[in-house]
Amino acid sequence: MFPKFKKYISDTMPFLNGKKLLVACSGGVDSMVLVNLCITAGLDIALAHCNFNLRGEESDGDENFVRQIAGTLGVECFVKKFDTEEYAQTNRGSVQMAARELRYQWFSELLETKGFDYVLTAHHADDSLETFLINLSRGTGIDGLSGIPAVNKKVVRPLLPFTQNEILEYARSEKISWREDSSNASTKYLRNKIRHQIVPLLKELHPTFLQNFGNTQKNLQQSEILVRNHLNEVKRELFEQRGDDIKISIEKLEQYQPLDSYLYGLFRDYGFTEWEDVKGLLTAMSGKKVISKTHTLLKDRDFLILSGMKKSEDKIYPVHLNGEQGKLPIKLKLENVENLEKQGRNVIFLDAKKLNFPLVLRKWVKGDYFYPFGMGGKKKLSKFFKDEKMDVISKEKQWLLCSDKEIVWVVGKRADERFKVDDSTQQILKITQLT
């Protein structure tokens, strides 16, 4: 197995040589074989072990075992304990998904803070088959049938060409120690049911079933590359970058058929899963939106607006007259001037004596109103936004500069009449929004 492993690294993953690598090590046979192969190949590795606290003393035993192995090999070992069940309940997901999220979040932290180049996991050919069957049973596209990728950004899987039997045979021949996970024998979980009840039957159908399946997955992976290349061309045609957002013409989008397939291919990477809702946006009223964990897709007249999700911005920022603004979300320059100049969207002039400092920078809330400069009368901010033809996302991004509870400036849009410079003004304050 080792010559095959070394050739696979040399042919497909030469970038691992000379890099600082983190091996995900559970203590099971797969990860222990991966550790052995990496050490034998002369790769620079450290171990990372996740204790998910799901099997009591057995989990602690796995942790101690990995620590001992690291000590014997003379490699660094990182261990993290998780309250996996609490995380699953809080995020309303399965224990398996919780463990996966926690594991990869921690790996990312280690890459960033400890200077590792890649994380190596011990997924093998049988794992890829199981993932294929799980995705097939749930319904998926070609990407879900293409198996586990050998390289996914910083996550690398050097054992994918090897079967579970090859790994077990190597472990026994090299007298490699490992820990058995009792939960792997349980058919409580879907993956284990497939592993113990379905895969053995499939292998009985044909002696080379796993090899044949591997060839099929290679064909699917190549097909997926063709599809992705085409979708990238479609994105270049349809996706118009507007600052932080992407604007998409619905008329042009609907020309691509089959539409359902294009919607899935174009928007799947942005976290969307409710495809009927996404399709419904095309004929929905303006202002309707669909939200994923990472993005918002908004219907704005004849367009879809794709935006990244940002943390709710309900913070209030003080704006001081002396120029020490701290960390404001937008750049403002305050200065006293002698003469009144031309006022514009990004520059306003105010009567400093009418203001109470520090001013406040905040987002708008329902019920806000102001007296638009040049009008004299009061106007609700929601009506002003409508007149300005601002979409939902633009309104969410809009900042207000206030004196106490009164709006002084809808920043970059319109100043308030009540704070304007007049004949009695003794001190003129110029405020500029810097780009």
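These questions and answers go through some terms used for this structure.

Visitor: What kind of model is this?
Guide: This is a predicted model, where local features need pLDDT of at least 70, side-chain atom pairs count only at pLDDT 80 or more, and totals for chains, interfaces and linings use all residues. Residues are numbered from 1 along each chain as its sequence is written, and side-chain values use heavy atoms, with hydrogens and water left out.

Visitor: Why is Leu 129 called buried?
Guide: Buried means under 20% relative accessible area, exposed means over 50%, and partly exposed is in between (1.4 Å probe, protein chains only). Leu 129 has a relative accessible area of 1%, so it is buried.

Visitor: Where is Leu 129, and what does it touch?
Guide: Leu 129 sits in helix α6. Helices are DSSP runs of H or I with at least four residues, strands are runs of E with at least two, and both are numbered from the N terminus. Leaving out residues up to four places away in sequence, Leu 129 touches Val 199, Phe 209, Leu 210 and Phe 213. Contact means heavy atoms within 4.5 Å.

Visitor: What makes α6 and α10 roughly perpendicular?
Guide: Helix α6 (residues 125-138) and helix α10 (residues 209-238) pack at about 65°, with axes 10 Å apart. Axes are lines fitted to C-alpha atoms, for helices over the stretch in contact, and angles run from 0 to 180 degrees between N-to-C directions. Under 35 degrees counts as roughly parallel, over 145 as roughly antiparallel, 65 to 115 as roughly perpendicular, and the rest as oblique. The pair is therefore roughly perpendicular.

Visitor: Which residues meet there?
Guide: From α6 come Ala 125, Asp 126, Ser 128, Leu 129 and Phe 132. From α10 come Phe 209, Leu 210, Phe 213, Gln 217 and Leu 220. This contact has seven nonpolar residues, two polar and one charged. Here Ala, Val, Leu, Ile, Met, Phe, Trp, Tyr, Cys and Pro count as nonpolar, Asp, Glu, Lys and Arg as charged, and the others, Gly among them, as polar.

Visitor: How do you know that Thr 432 is buried?
Guide: Thr 432 has a relative accessible area of 13%, which is under 20%, so it is buried. Thr 432 lies in strand β21 (residues 428-434). Setting aside neighbours within four places in sequence, its contacts are Lys 331, Leu 332, Lys 333, Asn 346 and Val 347.

Visitor: Why does Lys 153 count as exposed?
Guide: Its relative accessibility is 74%, over 50%, so Lys 153 is exposed. Lys 153 is in the loop between β5 (151-152) and β6 (155-156). Its phi is near 60°, a positive value in a residue other than glycine.

Visitor: What makes a group of residues a nonpolar core?
Guide: A nonpolar core is a set of buried Ala, Val, Leu, Ile, Met, Phe, Trp, Tyr and Cys residues joined through side-chain atoms within 4.5 Å. The largest one has 35 residues, and Phe 5, Ile 45, Leu 47 and Leu 120 touch the most other members. Its largest share, seven residues, comes from α2.
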